[in-house]
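Me: Hey, can you walk me through this fold? I'd like to start with the sheet.

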Amino acid sequence: MEPPEPAEVRMSQAIQPAHANPRGELSAGQLLKWIDATACLAAEKHAGISCVTASVDDIQFEETARVGQVITIKAKVTRAFSTSMEISIKVIVQDMLTGIEKLVSVAFSTFVAKPVGKEKIHLKPVTLLTEQDHVEHNLASERRKVRLHHEDTFKNLMKENNEFDDPICDEEEGMVSTGGTAVQSIELVLPPHANHHGNTFGGQIMAWMESLATISASRLCRAHPLLKSVDMFKFRGPSAVGDRLVFNAIVNNTFQTCVEVGVRVEAFDCQEWSKGQGRHINSAFLIYNAVNDKEEMVTFPRIKPMSKDDFRRYRGAIARKRIRLGRKYVTSHKEEVPICVQWDISNQVSLSNANVEALKNLAAKSGWEVTSAVEKIKIYTLEEHDLLSVWVEKHVERPAHLTYHLLSDFTKRPLWDPHFVSTYTVAVKSVLLPSVPPCPHYIRSEIICAGFLIRAIDSSSCTVSYFNQISASISPYFAGNLGGWSKSIEETAASCIKFIENATDGGLINTF
């Protein structure tokens, strides 16, 4: 392992049986405690004064670690704002027998510097030493914008969800209610649970929340839940030694092989406890996969909301999933894989046939999930490992054959697509053309697989489906739409519908 960077803080821990769950794997709650402690020390190293956790978000768990292995947590400040900092965290596990290292988790924390008395704080900027430092510094600003607009975006998506009948809510055999997944627990905060400021250690609160969420998820699947990601731990206020912390967890919704569990924490001092008036100090949404005894991935049953509160939590989970998708792809930095398919006249037919076949295979895949539905337009997404695909479905009041002719003529595309530039053609798969060499004035982006599928509904209407298997270079454009802070996909789809429905037949039908 390479030596630490100057501003980096590292923690290394040998995983002992006391740190593990019943499967012999490092407990996610224990890892969250180590992550929070390391991030706090990185923040205080930069600030030079005490710091407290404001939130922990974008936590992704890629691998599990087992007893006997060594965990190394790397944390550093990516960007400092006036009084707050973003901390980037990376967790590596090393097998001591083989020396093999694997990435376990990545996460981002926000810490706030605590002033001494009435002293005003203005944090110094982060020193950027490498190209990666500059990339993360810029992305930190984007992530901060997403955090600041999170509440407004969530409210807008909830309003949008309430305006259409969610097809997922349709009655289906095997659907279950979430009443049986509700779990409550209480903890008395003791001195060992406090941090060096005298408040309850944030990592300890996160560990307690994760433990309860795991119980809730297991009640739904009757299998072994595995924490896959955390939407956000948001610290709304402090608690102290002597407080009683009441935790409530319940399943909100399921998405095929994953389930979202919501956890709420309230704190009570002695007087508040006797009156039953607590303080809401924390909330989080944890996403789990699950495996059975044969280590096979479990598909969760569909959720059937029963009460008004069930529907609120159900639709809230859908909105958060959209925001997670957008945040995941807009704030991550991935290298674009260069275009490697050479085109010439001899392979034109084989490439065309392969492109059509790839598009049909993409459309036929299972697992597509509705993320948005407005009037005549529905947007679906499909996540496969680290690959995201988008399906935009439009209902058009025009015959299928006429629609095909209009959309297959790329000279007409600028009439309805504001993102289309007439100086180049978007193909269903990008290829290298000897006649069009790379130019330093333009950035080339690859279309992996994209195109339209048109199906007739009757003699006068059809369904137009646009598919795109998203590459790294175009993911920020789609991410804004999926995350709910942009509507350009819906606007372009509506423009496409208007273009087709307003087109005259003028000689087009005769060409068929």
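**The sheet**

Reply: Strands are DSSP runs of E, at least two residues, numbered from the N terminus, and two of them pair if DSSP finds at least two bridges between them. This is a predicted model, where local features need pLDDT of at least 70 and side-chain atom pairs count only at pLDDT 80 or more, while totals for chains, interfaces and linings use all residues. Residues are numbered from 1 along each chain as its sequence is written, and side-chain values use heavy atoms, with hydrogens and water left out.

Me: What does β1 join to?

Reply: Strand β3 (residues 70–80), through 6 bridges, running antiparallel. Ser12 sits opposite Thr72 in β3.

Me: And how many bridges join β6 to β8?

Reply: 6, again antiparallel. Ile186 has Val246 in β8 as its bridge partner.

Me: Switching to β8: how many of its residues are buried?

Reply: 10 of the 12 are buried, so β8 is largely enclosed by the rest of the structure. Buried means under 20% relative accessible area (1.4 Å probe, protein chains only).

Me: How do β8 and β9 pair?

Reply: Antiparallel, over 11 bridges, with Ile250 opposite Gly262 in β9. They form a hairpin with 2 residues between them, and Gln256 in the turn has a positive phi of about 60 degrees.

Methods:
Helix = DSSP H or I, 4+ residues; strand = E, 2+ residues; numbered from the N terminus. Buried < 20%, exposed > 50% of the residue type's maximum accessible area, 1.4 Å probe, protein only.
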